[in-house]
Structure formats: C-alpha cells, structure tokens
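Here is a short report on one protein chain. Look at the sequence and the fold first, then read on.

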Amino acid sequence: MKQLPKYLPVWFVVHFVIDIIFAIPLLFFTEQFLQCLHFSDENLVFVRLVGAALIGIGGVSFVMHKEGVEVYRVMLALKLLWSGGAIFAIGVSLMQGAPQITWIFLSIFVIFFVVWGHYYREINCS
C-alpha cells in the first residue's frame, strides 16, 4: 500500500486557511474587498462565485485531510485542474490589463500548482 507523504495533510490545512481568508471577504464584503485590491466591481455575482469555489475546495481539503492516499489522489487532481485553470484565467486577465496586484494572485496559484503537482507525482510514482 502506498504511503501518504508526511507534509501533504499539512498543505491541505494551509490551503483551507488561505482559501477561507480570501473567501469570506469575497462573499460577505465583496465591494469593499475589491476596492482595496483595485479591482472593478462590475459583476459581483462572479466574484462571489469565486468565493464560493474557494470555500468548496478549501473546505473539502480540511474535511478530508485525514483520509487515505486514494482520496488524496482525487483531491490533488481536482486541485491541479482548479489551479491550472486559475493560472490560465489570471494570465489572460493580466494580458488584458488587470491591476498589478493580480501578479500576487498568479504567484499564489503557481505555488499551489507546483506543490500539488509534486505531491501528485510522488503519490503516483511511489
């Protein structure tokens, strides 16, 4: 039976905390949060949907962080798809003139993509 990498559950809890830190203001203080980040508040529905997605993905990370390798394999695939899609979307937005602070969000998603990719390979190759 494959062994779960030692720090992977810790990364899932970290991911939960970061997602919740961003999700709460996106859902409940949407306009104020966007103003602080210098983002347009033209379509608050989609911004709140991002907050909901963060709660969903981060929440599941926390709920299942004590599960076995097979559950982690599926979750890592989900996280790779989510972060990869986000990297693409943020990259396109930057090319279309998104605020400079967007680079921070791109960096966060790239870091998570690399972490999830590392652990996905480790689980599948061990």
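His-38 counts as exposed, because its relative accessibility is 64% and the cut-off for exposed is over 50%. The residue sits in the loop between α2 and α3. Its phi is positive, at about 65 degrees, although His-38 is not a glycine. Keep in mind that this is a predicted model.

**Overall fold**

The protein has 5 helices and 0 strands. Along the sequence the pattern reads α-α-α-α-α. The C-alpha trace spans about 50 × 30 × 20 Å along its principal axes. Of the 126 residues, 36% are buried. Take the contacts between residues at least 6 apart in sequence: 72% of them join residues at least 24 apart.

**The helices on either side of the loop**

How do α2 and α3 pack, and at what angle? Two packed helices are described by the angle between their axes and the distance between the axes. For α2 and α3 the angle is about 90 degrees, and the axes are 11 Å apart. The two helices are therefore roughly perpendicular to each other. From α2, the contact uses Thr-30, Glu-31 and Leu-34. From α3, it uses Leu-44, Val-47 and Arg-48. By class, this contact has 3 nonpolar, 1 polar and 2 charged residues.

| Helix | Residues | End-to-end C-alpha distance | Expected span |
|---|---|---|---|
| α3 | 20 residues | 28 Å | 28 Å |

For α3, the reach is close to the expected value.

Which residues of α3 are buried? They are Leu-44, Val-47, Gly-51, Leu-54, Ile-57, Gly-58, Gly-59 and Ser-61. These buried residues pack against α1, α2 and α4.

In α5, the buried residues are Thr-102, Phe-105, Leu-106, Phe-109, Phe-112, Val-115, Trp-116, Gly-117, Tyr-119 and Ile-123. They pack against α1, α2 and α4. An α-helix has 3.6 residues a turn, so residues three or four places apart point the same way.

Take Val-115, which is found in helix α5. Why does Val-115 count as buried? Its relative accessibility is 12%, and the cut-off for buried is under 20%. Val-115 and Trp-11 are 104 residues apart along the chain. Their C-alpha atoms are separated by 8.4 Å.

**The nonpolar cores**

The largest nonpolar core has 15 residues. Which members touch the most other members? Leu-26, Ile-90 and Leu-94 do. At least two residues of this core come from each of α1 (8-28), α2 (30-37), α3 (44-63), α4 (69-95) and α5 (102-125).

A second, separate core has 13 residues. Among them are Leu-8, Tyr-72, Met-75 and Leu-76.

Now go back to Leu-26. Set aside its neighbours within four places in sequence. Leu-26 is then in contact with Phe-33, Val-47, Arg-48, Val-50, Gly-51 and Leu-54. Val-47 and Arg-48 also take part in the contact between α2 and α3. Val-47, Gly-51 and Leu-54 are listed among the buried residues of α3.

Key
Residues are numbered from 1 along each chain as its sequence is written. This is a predicted model: local features need pLDDT of at least 70, side-chain atom pairs count only at pLDDT 80 or more; totals for chains, interfaces and linings use all residues. Side-chain values use heavy atoms; hydrogens and water are left out. A nonpolar core is a set of buried Ala, Val, Leu, Ile, Met, Phe, Trp, Tyr and Cys residues joined through side-chain atoms within 4.5 Å. Buried means under 20% relative accessible area, exposed over 50%, partly exposed in between (1.4 Å probe, protein chains only). Helices (H or I, at least four residues) and strands (E, at least two) are DSSP runs, numbered from the N terminus. Contact means heavy atoms within 4.5 Å. Axes are lines fitted to C-alpha atoms, for helices over the stretch in contact, and angles run from 0 to 180 degrees between N-to-C directions. Angles under 35 degrees count as roughly parallel, over 145 as roughly antiparallel, 65 to 115 as roughly perpendicular and the rest as oblique. Ala, Val, Leu, Ile, Met, Phe, Trp, Tyr, Cys and Pro count as nonpolar, Asp, Glu, Lys and Arg as charged, and the others, Gly among them, as polar. The expected span of a helix is 1.5 Å times one less than its number of residues.
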